[in-house]
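Visitor: I would like to go through how the two parts of this protein meet. Please show me the model before we start.

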Amino acid sequence: MDSEATPVRADVTLVVNGAEHRLNVDTRASLLDVLREQLGLTGSKKGCDHGQCGACTVLLDGRRVNGCLALAVAHDGADVVTVEGLARDGELSPVQEAFIENDAFQCGYCTPGQLCSATGMLDEAERGWPSVVTGDLRADPVLDDDEIRERMSGNLCRCGAYVGIVAALKQAARRREGAEA
């Protein structure tokens with residue numbers, strides 16, 4: 001095999017933060033690399049590039065994924081939300097507000113992934129999806145400390161802001177429940 005072979009490219013369309021983008025991508029490119037390098041959306045971070053830290057977490061068709069593990073070419077037509085798309089009309093999302101109010105970040109490197117993962121996690125819990133620590137699989141999950149820690153376990157914070165993150169997610173969950181009532 002010729003190691004200098006020209007990369008294979010493909011046309012894909014992604015709807016990113018509500019805007020449609022028609023792109024020509026290297027078929028080996030991760031969603032994270034396309035977001036950062038072709039679209040200039042640098043909020044999502046490349047931490048480990050192995051799907052172990054969660055710094056690259058984005059929402060893909062409403063579900064949280066590690067952008068470093070998702071091939072962009074495999075998601076033609078997908079809806080992607082990055083940290084840059086969480087705020088609406090200049091207003092921070094309830095999760096973003098709760099992170100600020102609870103000091104749920106320190107250096108900020110993991111924060112974009114934490115915010116996207118938290119947003120997806122709250123949606124999953126709202127739909128009644130259990131986790132491995134959910135006590136009663138027939139009841140709606142209760143977002144206590146253990147439940148939140150388990151659901152967010154794919155997102156690492158090297159600074160140790162976990163206490164603030166758990167408090168922020170409990171607050172955001174309470175605000176969502178209040179908004180639905």
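Visitor: Which side chain meets Glu-124 in a salt bridge?

Guide: This is a predicted model. A salt bridge here needs a side-chain nitrogen of Lys or Arg within 4 Å of a carboxyl oxygen of Asp or Glu. The N to O distance for the partner of Glu-124 is 2.9 Å, and that partner is Arg-64.

Visitor: How many salt bridges are there between domain 1 and domain 2?

Guide: The chain is divided into domain 1, residues 9-85, and domain 2, residues 94-180. Eight residue pairs are in polar contact between domain 1 and domain 2. For salt bridges, the count between these domains is one.

Visitor: Which strand gives the most to the side of domain 1 that touches domain 2?

Guide: On that side of domain 1, β3 (57-60) and β4 (63-66) each supply at least two residues. By class, the side has six nonpolar, seven polar and four charged residues. The element that gives the most, with three residues, is β3.

Visitor: What is the area buried between domain 1 and domain 2?

Guide: The C-alpha centres of the two domains lie 22 Å apart. In contact are 17 residues of domain 1 and 17 residues of domain 2. Carbon and sulfur atoms give 54% of the buried area, which is about 1400 Å².

Visitor: Which three residues supply more than any other three of the area that domain 1 buries against domain 2?

Guide: The share supplied by these three residues is 41% of the area that domain 1 buries against domain 2. The three are Cys-53, Arg-64 and Val-83.

Note on methods
Residues numbered from 1 in each chain as written. Predicted model: local features only at pLDDT ≥ 70, side-chain atom pairs only at ≥ 80, totals over all residues. Heavy atoms only, no water. Domains from an automatic or database assignment. Contact = heavy atoms within 4.5 Å. Buried area = accessible area lost by both parts, 1.4 Å probe. Polar contact = N/O pair within 3.5 Å; in protein donor to acceptor, adjacent residues only side chain to side chain. Helix = DSSP H or I, 4+ residues; strand = E, 2+ residues; numbered from the N terminus. Nonpolar A, V, L, I, M, F, W, Y, C, P; charged D, E, K, R; others polar.
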